[in-house]
Amino acid sequence: MSEATGPVLAADGTPLKRSLSRALRMQKLRALALVAPLLLFVLVTFIAPIADMLFRSVENEIVENTLPRTAAVLADWDADHTDLPGDDAFEAAYYDVFIAAERKLHTRLGTRLNYELTGVSSLFRKTGRALDDIGEVYQDQFKALDKDWDKGTPWAELMGTQAWIDGAQGWKKADGPLDRLVVRDDIAALLPATAAAYQEFADFSILEDDKSPLKEEPWTLVHSALYTDLAALDVSGYGGPRAEMLKAADALVATPEFETINTREALIDIEDGWADHEVWQTIKTYSPKYTSGYFLNAVDMQKSPEGPIMRDEDERIYGLLFKRTIFMSLAITISCVLLAYPVAWILANLPMRKANLLMILVLLPFWTSLLVRTSAWKVMLQQQGVINDVLVWLGLVSDTERLVMINNQFGTIVAMTHILLPFMILPMYSVMQTIPPTYLRAAKSLGANNWTAFWRVYFPQSVPGIGAGSILVFILAIGYYITPEIVGGTTGTFISNRIAYHISSSLNWGLAAALGTLLLAVVLILYWAYDKIVGIDNVKLG
Amino acid sequence: MKVITSILATTALTVAAGSAFAAGHGMADSLTIVSWGGAYQNSQLKAYVEPYMAANPGVTVNWDESSAEAVAKLRAMNEAGNITWDLVDVEAADGIRLCDEGLAMEIDHDEQLAAGNDGSSASDDFGDSIVSDCFIPQIVFSTTFGYRSDMVGDNAPTDICAIFDTDAYPGKRALNKRPIGNVEWALLCDGVAKDDIYDVLATEEGQDRALAKLGTIKDQVIWWNAGADTPQLLADGEVVIGSTYNGRLFSAIAEQNQPIGMLWDAQMLDFDGWIVPEGLPEDRLARVMDFLKFATDTQRLADQAAYISYGPARASSASLVGKHAELGIEMAPHMPTDPANAKNVFVTQYEFWADYRDDLDAKFQAWLVQ
């Protein structure tokens, strides 16, 4: 008996189970290899771009990337207080916005933060334009002392290594990018703020401007930093290159005549928005790399120090649009079912030759351009259009009270029902074709009347066709864009029209991505509900 | 994402290499210009491009009619690192946005553009139309109203507030489906002085007031998205009065002989012009700048006015504006800059809209759907 319970062996002596699973694996791999090109294609051209777009709904790196110092300082600031942050925050904002303005990123950040707080866009734009005024106070004084303070080479000698300066002599644009200038360790320890600012300047001019720091006069930001360092630190022990120049400047800063400028006051002077508590609060709230702000906006909410709150009543729009999109898509689906069922029934029960002819009539509009069909509905439905003209001619409607059938929900539902009808007829037809006519005859011969025979015998068998058509039409309808745009007016537009607006006009891609993600989620939830209630196995496309 | 980026980058390199080899004096020999299509693009072809090609044989020009989506597409191109456009025609507001986003190149107008034929520097000659450092103005246009002359009888409107007067002018109105323009007119007709409008609009009460005024005609309005909608609606008799760009109305009136009249009052003066995308390779940039210098000089801007009723953005071009190239009618009286038409213009304040656009748009759209 014990021998009989051992593993069954294949012809080559390996256990049958392993042999079988190997064969199956080979088969699976071959199948995978066959679909791989398509899979790869879909992945690269469809899934990846969608995933990338959806990722934007939470991505928010721009604030931290553009204002790194400010974000770090504000992390310790209590935004709930009505007090403004300390001087260090203003100092950090001056550095960040200055560098961002040189790299022309400040306006982009302004646009981003303007989504959350009106007025930030011009705050950043105006500040970026005027920020040189602060540093110029110091630059002018240092320059008056010694012209070398405004020249590239003396600065490079003060800050950079001799090896770098030798290498950069005689450099031309055609030679390709210059080596990175690294500030000497002794000067970085002596003048930390100046070294950091100069490093930014040198990196910018080498990498982004394609110019040698030897030829470029440093930013006024570097002069501001130099003042900060000289005012706070002692440089008397310095004996490196340009020591004379530095010590003279140190002596100048120590004189009572030396003019200084308070960064906080200067910023507020440029734009009084900097004195607005809300501006700082917004910067702090949106400094994390990821944000729920776009999703909150997509459900008519916004961030606040006390957590998410509803937007003002007169700015709530997306909830309404989502509800309307779903309602109208359902209305379109239902009217498609009602119109398509009899057509599909006739198609399925006519002799082949006649059915084919009718089928062409169904497919003909299907092959016509979407835009043409939509514009045709415009001509039909408008107040001076065909239908109204006929009604007036028949005397059913008076000339002064022509019906309004377009630029509202009615127009959208009519036009979209027409456009999506083939997607309902085709699956219904293919399911009805498989229902043997003998069933109906059998039901009648057993005593059912016409209605009972249809309702109890025929209809239940046609449900999979209705299911397939409904899913197709509903999902197509919920994402429709061009038809509602043309015939929908204000009350007949969908959420997709707002998504398109944010993609192409307002450039608020984060919000567009959040709305798109929600729309996708809504469709998936409805699909899941459909599966629970009707069962997805009950759907047949043919 | 890396894969896509590198595929796109390879394509970009191939394209760039292809055009670089053909360059004559460090200039690419092809130019991709983005414009609006239709009669406007045709006027650019006739006035700028054909003369330029005649002077520079061997240069090919490709058109892309994508100006309406230019901002979004340029942003996508910038992210993919593959700029396929050389020169883009945009509205002033979009020019400002592109500059803010770092997608358009800053221009030194005096350095890079031709001086006026009267000797004035380019920046003086263009004057206020340089709304942004990146923007090279071409034309002055205005958003104004056209009305059905047969439907208003003897009572042709002369005042902008006719749009709110449903007793004197019963019937539907066509308005742009965005706040800009509409809210200003609403406040103006609600009794706010012209100089105070943007101050009022900056307040919550002012915004509500503008929407309330628009609310008095809300159920009488057909909202349009494309500039071609209003002339069509007027021609069909669907609306009695409607706003659109003045060039569209001109072609409906003068070229198609529709029974439409022009209302020149408080029209929104606006500019349209070129921007150069940021990050073009050197040879293509050299070609673009060469073309721009030619295409925006005094004579060329005046020539364009022979094909379409938009005023040249240079002051020095005004005296050179002549007759319509095909109809032979004098063009000056149809220009938004003509003194008779410009008696009471409204100048859009771009700075305000850059800040309040998102906010007011959300309010306006919410108001529309309610």
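Across all chains of this predicted model, a search of the whole structure finds two disulfides. One of them joins B:Cys99 to B:Cys134, with an S to S distance of 1.9 Å. The link of B:Cys99 and B:Cys134 is right-handed, with 70° about the S-S bond. B:Cys99 sits in helix H4 (residues 92–100) of chain B, while B:Cys134 sits in the loop between helix H6 (122–126) and strand S4 (136–148) of chain B, so the bond ties together parts that are 35 residues apart in sequence. Both cysteines, B:Cys99 and B:Cys134, are buried.

The other pair is B:Cys161 and B:Cys189, joined at an S to S distance of 2.1 Å. Here the angle about the S-S bond is -100°, and the link of B:Cys161 and B:Cys189 is left-handed. B:Cys161 lies in the loop between S4 and strand S5 (173–176) of chain B, and B:Cys189 belongs to helix H7 (residues 182–189) of chain B, so this pair ties together parts that are 28 residues apart in sequence. B:Cys161 counts as partly exposed because its relative accessibility is 25%, whereas B:Cys189, with a relative accessible area of 14%, is buried. With bonded cysteines counted along the chain, the disulfides of chain B follow the pattern 1-2, 3-4.

Chain A is described next. Its domain assignment gives domain 1 (63–291) and domain 2 (318–538). The centres of domain 1 of chain A and domain 2 of chain A, taken over C-alpha atoms, are separated by 61 Å.

An unreviewed UniProt entry lists residues 322–530 of chain A as "domain: ABC transmembrane type-1". In the model, residues 322–530 of chain A are 79% helix and 0% strand, and the end C-alpha atoms of the span lie 19 Å apart. The unreviewed entry in UniProt also lists spans of chain A under "transmembrane region", among them 355–372 and 463–482. Residues 355–372 of chain A are 89% helix and 0% strand, with 27 Å between the end C-alpha atoms.

Helix H19 (370–381) and helix H20 (386–394) of chain A each supply at least two residues of the patch, and the largest share, four residues, comes from H20(A). A:Val379 is found in helix H19 of chain A and is partly exposed, with a relative accessible area of 47%. A:Cys336, by contrast, counts as buried, at 0% relative accessibility.

How values were computed:
Residues numbered from 1 in each chain as written. Chains lettered and ligands numbered in written order. Predicted model: local features only at pLDDT ≥ 70, side-chain atom pairs only at ≥ 80, totals over all residues. Heavy atoms only, no water. Domains from an automatic or database assignment. UniProt positions renumbered as here; feature names shortened; annotations may be inferred. Buried < 20%, exposed > 50% of the residue type's maximum accessible area, 1.4 Å probe, protein only. Disulfide = S-S within 2.5 Å.
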